[in-house]
Amino acid sequence: MISENTITDFIYREAELLDTMQWQAWLELFHPEARYWMPLEWQQQDPVLQPSLMYEDLLLMKVRVERLTGERTFSQKPKSRCHHLLQAPRIVACDPAAGVFKARTSYIYTETRGDTLERFSGWASHDLVQVGDDLKIMLKRIDLVNFDAPFGNIQLFM
């Protein structure tokens with residue numbers, strides 16, 4: 001049975017995998033039909049018919065990971081690094097019988113490469129499903145506080 005502690009531990013573990021650049025283990029947290037979405041507008045409801053900063057399926061996330069880990073990726077020399085500072089995740093939906101869960105987490109995200117340091121604040125929403133005894137991410141939605149600001153290249157995953 002999936003508990004609220006299991007869900008919060010899962011979210012903390014996901015951030016740890018990103019911060020330590022354990023890309024393959026991070027990708028394994030996602031369901032094969034998962035999406036990673038960063039809306040372009042406040043309270044945006046449609047990632048397909050409205051433009052988004054990012055809307056990626058698992059294949060595109062894998063391509064980005066390959067680019068990040070590639071030896072010939074000169075734009076990643078030196079490598080980008082990141083740190084997630086998470087507020088305690090809040091469980092917003094929990095249906096153990098259906099194996100469906102949703103959490104929302106406020107965060108501050110820092111990404112650095114060389115002398116450049118960028119900081120973002122916002123909320124991460126995780127739509128999770130139970131697959132066997134494991135949780136898998138069906139949708140990770142990143143809502144930035146300053147979604148309408150000009151951004152440099154966001155290299156990693158929030």
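Gln43 is located in the loop that joins β1 to β2 (52–57). In this predicted model, the phi angle of Gln43 is positive, at about 55°, although the residue is not a glycine. With a relative accessible area of 54%, Gln43 is exposed. A second residue with a positive phi is Met21, which is not a glycine either and has a value near 55°. Met21 belongs to the loop between α1 and α2. Its relative accessibility is 34%, so Met21 is classed as partly exposed, the class that lies between under 20% for buried and over 50% for exposed.

The C-alpha trace spans about 50 × 30 × 30 Å along its principal axes. Among contacts with a separation of 6 or more, 57% are made by residues 24 or more positions apart.

The surface and the interior were also described for the chain as a whole. Of the 158 residues, 42% are buried.

In soluble globular proteins, nonpolar side chains tend to be buried together. In the present model, the largest nonpolar core comprises 37 residues, of which Ile7, Trp26, Phe157 and Met158 touch the most other members. Two or more residues of this core come from each of α1 (4–19), α2 (23–27), β1 (30–39), α3 (58–69), β5 (100–113), β6 (116–131) and β7 (134–144). The greatest contribution is that of α1, which gives 5 residues.

When residues up to four places away in sequence are not counted, Phe157 touches Leu18, Trp23, Trp26, Tyr36, Glu56, Met61, Arg64, Val65, Leu68, His84 and Tyr109. One of these partners, Tyr109, lies in strand β5. Tyr109 has a relative accessible area of 0% and is thus buried, since the cut-off for that class is under 20%. Residues up to four places away again being left out, the contacts of Tyr109 include Cys82, His83 and His84, Glu118, Arg119 and Phe120, and also Leu156, Phe157 and Met158. Tyr109 and Leu17 are 92 residues apart along the chain, and their C-alpha atoms are separated by 14 Å.

Strand β5 also holds Lys102. Whereas Tyr109 is buried, Lys102 is partly exposed, with a relative accessible area of 33%. Apart from neighbours within four places in sequence, Lys102 is in contact with Arg90, Ile91, Val92 and Ala93, together with Ser125, His126 and Asp127. The C-alpha atoms of Lys102 and Val129 are 8.7 Å apart in space, and the two residues are 27 apart in sequence.

Conventions
Residues numbered from 1 in each chain as written. Predicted model: local features only at pLDDT ≥ 70, side-chain atom pairs only at ≥ 80, totals over all residues. Heavy atoms only, no water. Core = buried A, V, L, I, M, F, W, Y, C linked by side-chain atoms within 4.5 Å. Buried < 20%, exposed > 50% of the residue type's maximum accessible area, 1.4 Å probe, protein only. Helix = DSSP H or I, 4+ residues; strand = E, 2+ residues; numbered from the N terminus. Contact = heavy atoms within 4.5 Å.
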